Amino acid sequence: MNKLQHILTKYPFSCIIVIGTWILCFMNIPETPLSNVRFIDKWTHSLIYLVLGLSISFEYIRTTKHPSLKFIVVWVWMIPIIMGGLIEVLQSYCTNGNRSGEWLDLFADAIGSTIALLIGILLVRYRAKA
């Protein structure tokens with residue numbers, strides 16, 4: 001409980017984004033005018049994981065005196081990609097065909113996380129110099 005409380009108090013916005021991501025990834029998506037945009041779902045995946053990674057980076061740097069690159073690599077890049085892969089597997093096998101797990105979705109997740117990682121690295125280095 002203490003660890004959960006620590007995460008919720010130190011990373012509240014990131015926790016909201018994670019919960020929102022899980023909800024969005026398992027609900028049926030209605031048709032919108034943007035449905036006709038080529039690869040809109042891939043752009044959405046990249047944006048969600050970019051925002052998640054940036055949120056983790058900002059909250060970590062805001063609450064830590066000496067941020068480490070190892071934390072950024074693990075929590076901004078690796079853990080979100082693993083989460084994205086798990087979501088895709090669960091979509092394939094647990095949604096009765098309502099949602100499909102796709103490798104390109106996981107690739108889009110990785111792109112968003114990688115961009116967030118690069119920005120997070122820059123932020124950690126900037127913070128170290130300040």
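## Starting at Leu4

Leu4 sits in helix α1, which covers residues 2-10; helices here are DSSP runs of H or I with at least four residues, strands are runs of E with at least two, and both are numbered from the N terminus. With 47% relative accessibility, Leu4 counts as partly exposed, because that label lies between buried (under 20% relative accessible area) and exposed (over 50%), using a 1.4 Å probe and protein chains only. Leu34 is 30 residues away along the chain, and 37 Å separates the two C-alpha atoms.

This is a predicted model, so local features need pLDDT of at least 70 and side-chain atom pairs count only at pLDDT 80 or more, while totals for chains, interfaces and linings use all residues. Residues are numbered from 1 along each chain as its sequence is written, and side-chain values use heavy atoms, with hydrogens and water left out.

## The whole chain

The protein chain has 5 helices and 0 strands, giving the pattern α-α-α-α-α along the sequence. Its C-alpha trace spans about 50 × 35 × 25 Å along the principal axes. Of its 130 residues, 36% count as buried.

Now for contacts, meaning heavy atoms within 4.5 Å. Among those with a separation of 6 or more, 78% are between residues 24 or more positions apart.

## Helix α5

Helix α5 runs over residues 103-129, 27 residues in total, and reaches 39 Å from first C-alpha to last, close to the expected 39 Å. That expected span is 1.5 Å times one less than the number of residues.

Which residues of α5 are buried? Among them are Leu106, Ala110, Ser113, Leu117, Ile121 and Val124. Their cover includes α3 (40-63) and α4 (69-94). In general, an α-helix has 3.6 residues a turn, so residues three or four places apart point the same way.

Val73, Trp75, Trp77, Met78, Ile79 and Ile82 make a nonpolar surface patch of about 510 Å². Trp75 belongs to helix α4 and is partly exposed, at 40% relative accessible area.

Patch residues have over 30% relative accessible area and no salt bridge; like charges are joined within 9 Å, and nonpolar side chains (Val, Leu, Ile, Met, Phe, Trp, Tyr) within 5 Å. A salt bridge puts a side-chain nitrogen of Lys or Arg within 4 Å of a carboxyl oxygen of Asp or Glu. Accessible areas come from the Shrake-Rupley method with a 1.4 Å probe; for residues, only the protein chains shown count as cover.
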